[in-house]
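I opened the model to look up its nonpolar core and the strands around it. My notes follow.

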Amino acid sequence: QDFYDKEIDTANKMTDLISSNYDKQKLVSMMKQGETWNDELEESWQKYDDKRQEGYRNMDEKAKVFTYGDLKCAVSLKEPYLSGSDAGHHLLEKYDTDIIAVISPSGVMSFRRADDCEVNLGEIAQMFNGGGHAYAAGAKLDQKVKTDEAYAQALETIDGRLTEYFG
């Protein structure tokens, strides 16, 4: 079953809190006392989810979709507080592309592909001195991506290498 086909609301929220900056010792202490969810956790989760939604909106403002033959690739810059998995899933779902590249401000890139895509992302990551598997891979750009100019340069680099790869 796909991790993102989540069905248990409280478990999903708990997973989000664990991914956030919520005090993990406090969370464990509460759970030891048999408390699995309360108003404080709900409030913390809501703040986290609001910030995550803001991060998605920021990604959408910067998203660029490239086409290589029949294949589409969405690329965007993620906020530091978004997980690479959440950011990648967002791009795949929102832009209905075959592959995605998520760039963090540190220059780290994460590649993911749609379930029906057979592109080997490990090979693509190798073009950026990275590695991984056919379905998920990572790499690092030569520079940080903290300005609009650096982001434009990163997009140009990614598009150039993907154009070379897909011919």
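Core first. I looked up the largest nonpolar core, which has 38 residues, and Ile 103 and Phe 111 touch the most other members. A nonpolar core here is a set of buried Ala, Val, Leu, Ile, Met, Phe, Trp, Tyr and Cys residues joined through side-chain atoms within 4.5 Å. Buried means under 20% relative accessible area, exposed over 50%, partly exposed in between (1.4 Å probe, protein chains only). Helix H6 (residues 148-166) gives the most to this core, 6 residues. I noted another core apart from it, of 7 residues, including Met 14 and Trp 45.

The model is predicted: local features need pLDDT of at least 70, side-chain atom pairs count only at pLDDT 80 or more, and totals for chains, interfaces and linings use all residues. Residues are numbered from 1 along each chain as its sequence is written, and side-chain values use heavy atoms, with hydrogens and water left out.

Next, strand S3 (residues 99-103). I found 5 of its 5 residues buried. Ile 99, Ala 101 and Ile 103 lie on one side, Ile 100 and Val 102 on the other. Helices (H or I, at least four residues) and strands (E, at least two) are DSSP runs, numbered from the N terminus.

Then its partners. Strands pair if DSSP finds at least two bridges between them. S2 (residues 71-77) runs parallel to S3 over 5 bridges, and Cys 73 stands opposite Ile 99. S4 (residues 108-113) is antiparallel to S3, also with 5 bridges. There, Ile 103 faces Met 109. In the S3-S4 hairpin, 4 residues separate the strands, and Gly 107 has a positive phi near 95 degrees.
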